[in-house]
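Here's a quick briefing to read with the model open. Have a look at the structure below, then go through the notes by topic.

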Amino acid sequence: MPVGSAQMSLFEHLGELRRRLTVVIAALLVATIALYLVSNSLILFLIQPIARYISESGSIDDLNSLKESLIILDPFGGFALKFQVAFVFGLLVSSPVTIWQLLAFFLPALNPNERKWVIPTFFVAVFLFIAGMAFCYLVILDPAFEWMIGQTTDFARVIAEAPKYINTILLFEVGFGVAFELPIVVFYLTIFNIIPYQKLRSSWRVVYIVLMTVCALVTPDANPITMLLMFAAMLVLYEGSLLISRIVISRRLAKEKQLSAVDRP
């Protein structure tokens, strides 16, 4: 995809931004419309990790069993829910386009040495977003709903209202997808020396508290198990990004030292 010149006026930058936003919106719109046509199957897919909490048989294998397990009280609720599911999956499908357009907009402002990070960042950002949603789907949803429903079953019967259940799942999925972008943020904060590596390393207690707070805000339930699982995942991502940053910075310093030794008379 083309990347604009760095020598642009303010209005040219605004025009460039508008063009890239148009591409993002068009990609999202096309993906949403296409996915709306298969939204029933997407809802069936979303509900699988928590099927045992909403079905008497403990499983939901097809649309007929799905209809027997979920209810909708609003006559317009079905359309709204199917559109919302298609929109969120559209965000996922069109995320490569969105991330690339964002990176390409800022690319002209970078020097040649910084531009070499753009393509790796693009692929890593897409991978991390998908990995976050997959982690949530495979690891988080089951214990999260087990805890939430367990707070009710000892005194009341839980009836699975489709919009509330699906919306909760989508909140979890998007929250984890965004949270898993943490390594990119940490990496560039240290590489560009916005926050020195040593500062982050020495302030680990403060960082851990901030991460725990973020986990509490991102998870839509008050489940301590969910928050701890997310905190553990973010801690691994944070420490991993610091390790990669340290390796890159060490290599950069070694190269600069070698060049200065060569230039020295």
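Phe-79 and Phe-83 sit four residues apart in helix H5 (residues 77-106), so about one helical turn separates them. Helices here are DSSP runs of H or I with at least four residues, numbered from the N terminus. Keep in mind that this is a predicted model: local features need pLDDT of at least 70, side-chain atom pairs count only at pLDDT 80 or more, and totals for chains, interfaces and linings use all residues. Residues are numbered from 1 along each chain as its sequence is written, and side-chain values use heavy atoms, with hydrogens and water left out.

**Aromatic pairs**
- A search of the whole structure turns up 11 aromatic pairs, meaning rings of Phe, Tyr and Trp (its six-membered ring) with centres within 6.5 Å; planes under 30 degrees apart are stacked, over 60 edge-to-face and the rest tilted.
- The Phe-79 and Phe-83 rings have centres 6.3 Å apart and planes at 25°, so they count as stacked.
- Phe-79 is exposed at 55% relative accessible area, while Phe-83 is partly exposed at 42%; buried means under 20%, exposed over 50% and partly exposed in between (1.4 Å probe, protein chains only).
- Phe-122 and Phe-123 have ring centres 5.1 Å apart and planes at 70°, so that pair is edge-to-face.
- Phe-122 is buried at 14%, whereas Phe-123 is exposed at 55%.

**Helix packing**
- Helix H7 (residues 118-150) packs against helix H9 (residues 182-191) at about 145°, with the axes 9 Å apart; axes are lines fitted to C-alpha atoms over the stretch in contact, and angles run from 0 to 180 degrees between N-to-C directions.
- Thr-121, Val-124, Ala-125 and Leu-128 of H7 meet Pro-183, Ile-184 and Tyr-188 of H9, where contact means heavy atoms within 4.5 Å.

**Cysteines**
- There are zero disulfides, a disulfide being a pair of cysteine sulfur atoms within 2.5 Å.
- Cys-136 is buried at 0% relative accessibility, and Cys-215 is buried with a relative accessible area of 0%.

**A glutamate in H1**
- Glu-16 lies in helix H1 (residues 10-36) and is buried at 12% relative accessible area.

Definitions and conventions:
Helices (H or I, at least four residues) and strands (E, at least two) are DSSP runs, numbered from the N terminus.
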